[in-house]
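Visitor: Hi, I'm new to this one. Could you walk me through it?

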Amino acid sequence: MITSSTPGYDASSLAQAVRSRRLSAKDSVIKALENIRRSDPVLNCFTSVLHESALANADLVDRRIAAGEDPGPLAGVPFAVKNLFDIAGVTTIAGSKIHAQRPPALEDAAAVARLKNSGAIVVGALNMDEYAYGFTTENTHYGATRNPHDLERVAGGSSGGSAAAVAAGMVPITLGSDTNGSIRVPAAFCGVFGLKPTYGRISRAGAVLFAESLDHVGSFARSVRDLALSFDVMQGADPLDPLRSNHPREFTVSSLPKGTGDLRIAMVDDPYFQQGIPEVFEPVQQAAKALAASRRVTIPEVEKARAAAYIITACEGGNLHLPDLRTRPQDFDPVVIERFLAGSLLPASWYQHAQRFRSIFRDRIRELFRTVDIILAPVTPCPAIRVGQPTIQIGGNDLPARPNIGIFTQPFSFIGLPIVSVPVFAKGALPLGVQVIGPAYKEEWVLRVAAQLERLGVGRAHPPTLETSA
Amino acid sequence: MLMINDPDVVREVARLHEEYETALVNNDVEALIRFFWDSPHALRFGVRENLYGAAEIDAFRKTRPVLGLDRKILNVRIVAFGSECAVVTMEFLRQHHHGRQSQVWWKFPEGWKVVSAHVSFMYETYAEQAAALAGFPLPQQYTNAVQQNIERSARIAESLLKTPLPDETVSAARFEP
């Protein structure tokens, strides 16, 4: 039985125990490896587990502590990464059969390296939709990742392995990527916290891209403090990042207890966000009530923003994989290839129109943020769907699930805003999430709101009540 | 009784059909004009033209672009009715496109002539045409799904694409020279 007392549940206290020598990094990693061995056969989160290197790295951390050094704020904390991040010595498969034939990565991805530089220990790579094109992590090559709260349901995607591994308590922190909702959706479906920071704020160097205009790197955790801690150590300029964002670092952990009294918080209030099943709005109302947020906002042109993100994703993804689409289509995941092929054939003027609209939409939302500081919105139009479920109900119509689960997340990642997906659900119920959306570079605000919701008992990563032992 | 597919008749029509094909791919206009019935009742429905009468057919032959006439012939069928009438059908591949051609031949005192013909291509979706132009024919099993995806994208994008944007609006720049 996985409970909140499962070791490895909370990275911050784990690191404190390791730094104060109450727990060795080695024992911390052994415990994580045991958790993985016990839970993963049922959940299918991991595509590789790095027993030897994780234990060797734990030894290094323990020796540094014995020598009086401080390995960092995540000393001895086991973490795992979506398998599109490079881990030195491991082949980065990006959920594909094609990349699985490539040689092992020579170096760690920037985000992985920064977590390791803070004392954290990478223990494995996690399942995802092929090349991140999906919201369900039903990967034909590597199997579906199961939702720890209901094994008949998907974990969400595309960072499904990352969300489920944290939800099941296998590791306290995981890395994911979010192009249209690929962190927020699985965080909501699995009932954990997920942070998609501002576009470019965490380096994407060493991560397999999907749609470069929209790809973000972020993390999952079961507490806001862990989420903030992981963001604090990963953020910052990186000359190797293709984006080369040079926004100054701003630390968030210390301001989490400050509360939200200074923030004008509003919930979305327009028909676009009413297209899902009505229940998905309850967590948003609950969060707004707890935060005493009575403001309402409508998101201008939100449907067009979603459309533009959809077109940009299709075109950039299709183009990125064009050489393989031409020569070896049979090696793609059949549930993904048709969208890549379609994306590679869309008219260029659609793409350019979408890119230009991005500037307009950004300006409109900047205007909106003059009147409010935080926007609350549902994450998904439904809770986790069943494995193999082909369609979902959107606005009363049955639409294909894979491209449509992200309709509420896409408009905001489209313009790179920082967002925490906060789990809001009753213990034992199917998880749902609330997007806490802030202006660009205000990670501190969205994390502070998430922390407040956590403190008020509204946002909580309830552990699954399932017995996940094999 | 009417004889269907008299071997001698079929052999003769087959030979003429091959000659017609050679004339076509070489754009031998004189020969092609000779193969068609010189009558206002002659008819040729082409891929992009409906030609009524020998005069229209001849005019088309003389002005047609001569490039890209090569084609690979598949599945020629000849059905001869007695010794004066035959129907010749076939499929063909030109570049990545799949066509078909039907001809009715009649034997006049001066010899066999095509009295009516119809050439068309199999219907191709936008997806198939675009992929063919981009040089990668779609795998058969995905053609419908890809087309449906493009149509879905078009529906999703419809209101966005109908939104005029100010000329001065540019996409967010990232390229640094």
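Guide: Let's start with one pair: Ser421(A) has Gln435(A) of S17(A) as its bridge partner. This is a predicted model, where local features need pLDDT of at least 70 and side-chain atom pairs count only at pLDDT 80 or more, while totals for chains, interfaces and linings use all residues. Residues are numbered from 1 along each chain as its sequence is written, and chains are lettered from A and ligands numbered from 1 in the order in which they are written.

Visitor: How many bridges join S16(A) to S17(A), and which way do they run?

Guide: There are 5 bridges, and the two strands run antiparallel. Strands here are DSSP runs of E with at least two residues, helices are runs of H or I with at least four, and both are numbered from the N terminus. Two strands pair if DSSP finds at least two bridges between them.

Visitor: What joins S9(A) to S16(A)?

Guide: S9(A), residues 193-196, is joined to S16(A) by 3 bridges, again antiparallel. Leu195(A) has Val420(A) in S16(A) as its bridge partner.

Visitor: Is S16(A) covered or open on its faces?

Guide: Covered on both: Ile419(A), Ser421(A) and Pro423(A) are buried on one side, and Val420(A) and Val422(A) on the other. A residue is buried if 20 or more other C-beta atoms lie within 10 Å of its own, exposed if 12 or fewer, and partly exposed in between, with C-beta atoms placed from the backbone. Side chains in a regular strand alternate between the two faces of the sheet.

Visitor: OK, zoom out. In what order do the strands of the open sheet in chain A come?

Guide: The 11 strands go S1-S3-S2-S8-S10-S9-S16-S17-S13-S11-S12, with mixed pairing. S1 (46-49) and S12 (295-297) of chain A are the edge strands, each pairing on one side only. From one strand to the next, the twist averages 25°. For angles, axes are lines fitted to C-alpha atoms, for helices over the stretch in contact, and values run from 0 to 180 degrees between N-to-C directions.

Visitor: Which helix packs on the sheet and touches S1, S2 and S3 of chain A?

Guide: That's H3(A), residues 51-66, whose direction makes about 160° with that of S3(A). H8(A), residues 282-290, also packs on the sheet, touching S11 (265-268), S13 (374-378), S16 (419-423) and S17 (433-437) of chain A, at about 150° to S13(A). Contact means that the C-beta atoms of two residues, placed from the backbone, lie within 7 Å.

Visitor: Why is S2(A) largely enclosed by the rest of the structure?

Guide: S2(A), residues 78-82, is largely enclosed because 5 of its 5 residues are buried. S2(A) pairs in the parallel sense with S3(A), residues 121-126, over 5 bridges. The chain crosses from S2(A) to S3(A) through helix H4(A), residues 110-117, in a right-handed β-α-β crossover; that is, with the strands pointing away from the viewer, the path from the first strand over the helix to the second runs clockwise.

Visitor: And which residues stand opposite Ala80(A) and Val81(A)?

Guide: Ala80(A) faces Gly124(A) in S3(A), and Val81(A) stands opposite Leu175(A) in S8(A). S8(A), residues 173-178, runs parallel to S2(A), with 3 bridges between them.

Visitor: How many residues of H7(A) are buried?

Guide: 11 of its 11, so to speak a mostly covered helix, spanning residues 224-234. Just after H7(A), Gly236(A) takes a positive phi of about 120°.

Visitor: Switching to chain B: how many of its residues are in contact with chain A?

Guide: 23 residues of chain B are in contact with 27 of chain A. H5(B), residues 143-161, gives the largest share of chain B's side, 10 residues.

Visitor: Which kinds of residues are on that side?

Guide: They divide into 17 nonpolar, 6 polar and no charged. Ala, Val, Leu, Ile, Met, Phe, Trp, Tyr, Cys and Pro count as nonpolar, Asp, Glu, Lys and Arg as charged, and the others, Gly among them, as polar.

Visitor: What about the sheet in chain B?

Guide: It's open and mixed, with 6 strands in the order S2-S1-S6-S5-S4-S3. Its twist averages 15° from one strand to the next.
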